[in-house]
Amino acid sequence: MSVNQHNGSSISDTFILSPERHVSLEEFIAFSQPGKKIAASEATRNRVRASRHALEKLVDEGAVIYGVNTGMGGFVDHLVPLDKAPELQKNLIRGVATNVGDRFSDIICRATMFARIVSLSRGNSAISLENFDRFIAIYNSGIIPEIPSKGSLGTSGDLGPLAAMARVLTGEGDAWFNNKRLPAADVLHQLALVPLELSYKEGLALINGTSCMVALAALNVTEAKELLEKYTSISAFSSETLLARVRPFHPDVHQLKPHTGQRKIAEMIWNGLKGTKLAVDDIQLSSELGSRLTDSIRQEDMPIEDAYSIRCTPQILGPVLETIEFVERIVTNELNSSNDNPLVTPENGQVFHNGHFHGQYISAAMDYLTISIITMCNLSDRRTDRFLTSANSNGLPSFLCAENGGLRFGLMGGQFMSSSLTAENRALATPLSIQTLTTTGDFQDVVSFGLVAARRAAEVLQNTRYVIAFELICAAQAADIRGITKLASTGLHWYEQVRESVPYLDQDESLTPYLEDIVSRLLGGRR
């Protein structure tokens, strides 16, 4: 195996954790995939060992430390003898592992485990080196914990989801291996893996953090970033098949407004329209309209400007891009943090009771991301309406039905779906980061609902993929009506991608299988 340990990255199937390197979201998702493995550098293992030793020294000196010799949560005011530590940690995990609903997918569960290992690898959580190594071995084996998706407050982190993970690590509950649901103890025994045996603070170190919401948030922001890049390119395709004017995307005009996201989006669309014989040159249009000026008022079929859903695309998607970049930074920082309580710094042997487990950063970031994704959805929904409304499409037939309109419905039914999902997305836009409720005898009195916000963003993202998929079908249908030889290379690329599975629609049929195919094959909806 060839591994570059200098920068902490890997050119094999194993990622090497090291203290000086942050894990990028790209690396995080890549090494959460099945078959990928993690290893800890000696520097990482030494720091984990030192953190545990620092905690043991504080305990020997008689310090009272949360989760070590005290109760937890609403029992924070109870002192607990050290000889009860294993029982206390087991009870913590069993007591809070009470989530419900469908289990998270394998990739989310593996990403949750990876995120927790990253946090523990920072060497401030005071987990024993033996248990840290066992955790990594279980991850590398391919065992998937069964984590129900609903019920996390996101305040002392994702207590319920991470407790479900911790149960598997300690040989309790159910796990998935080779697509089979098995008792965790049986699969650990089958693979000759030793379960974690917890002493003081170690159960708390496993579950008191943001690792599940980080896992889902990382997938969301990465997929949203990829979808925006594709949608910007699709926007060029839609624009030319709607006979858009090109100069609103000219780089020179965007130098007059110093928003980097707007400039990037405009540049991508401008480049995507190069070579088109469909989109309209504004200067030529101005000259032609000028030749028609008379002393009387008259209406022309080609106005000098397009509607906002075309002309303002850089100004609409620019904020989406910059928001996604901001959210990516927030999620990356959270991934690379020590996010539990208490924390022990081995450099000076100090313990810090703190609130690093709180999920407000992720919750707020997922709210921002949700709004941005819905902005994409709104734009796409308005574009499809222009395709389907003959008065707004610059010469396309109603509902893109070029044959037997009235007898046939064309693409009318697709708009029902698109508008429904757009409305549903808007109803999901209420911020979750402000929906705090007090629990645990008012001990956890401000909660984040970070995992709920991440789950909601994932749902909005998938809804938006369907709306964009319908826009793609409309643009391809319009291209056939206009003439595909007139397309720019970008538009031709998308046209050919759509036509791999969606024919020109000259008869009415359900669009459902076509939409599902485009979403899974072209727009990333495979999670």
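Helices (H or I, at least four residues) and strands (E, at least two) are DSSP runs, numbered from the N terminus, and two strands pair if DSSP finds at least two bridges between them. The model is predicted, so local features need pLDDT of at least 70 and side-chain atom pairs count only at pLDDT 80 or more, while totals for chains, interfaces and linings use all residues. Residues are numbered from 1 along each chain as its sequence is written, and side-chain values use heavy atoms, with hydrogens and water left out.

**Sheet and hairpin**

- Two residues separate β6 and β7 in a hairpin, and Asn178 in the turn has a positive phi of about 55°.
- Four bridges join strand β6 (residues 174–177) to strand β7 (residues 180–183) in the antiparallel sense.
- Within β7, Lys180 is the bridge partner of Phe177, and Arg181 is that of Trp176.
- The open sheet has three strands in the order β4-β6-β7, with antiparallel pairing.
- Because β4 (144–145) and β7 stand at the edges with a single partner strand each, one side of each has no neighbour in the sheet.

**Nonpolar cores**

- A nonpolar core is a set of buried (under 20% relative accessible area, 1.4 Å probe, protein chains only) Ala, Val, Leu, Ile, Met, Phe, Trp, Tyr and Cys residues joined through side-chain atoms within 4.5 Å.
- The largest such core has 145 residues, and Phe28, Phe114, Leu206 and Met366 have the most contacts inside it.
- Helix α17 (residues 450–482) supplies the largest share of this core, 19 residues.
- A second, separate core has ten residues, including Ala54, Leu55, Leu58 and Val344.

Conventions. Buried < 20%, exposed > 50% of the residue type's maximum accessible area, 1.4 Å probe, protein only.
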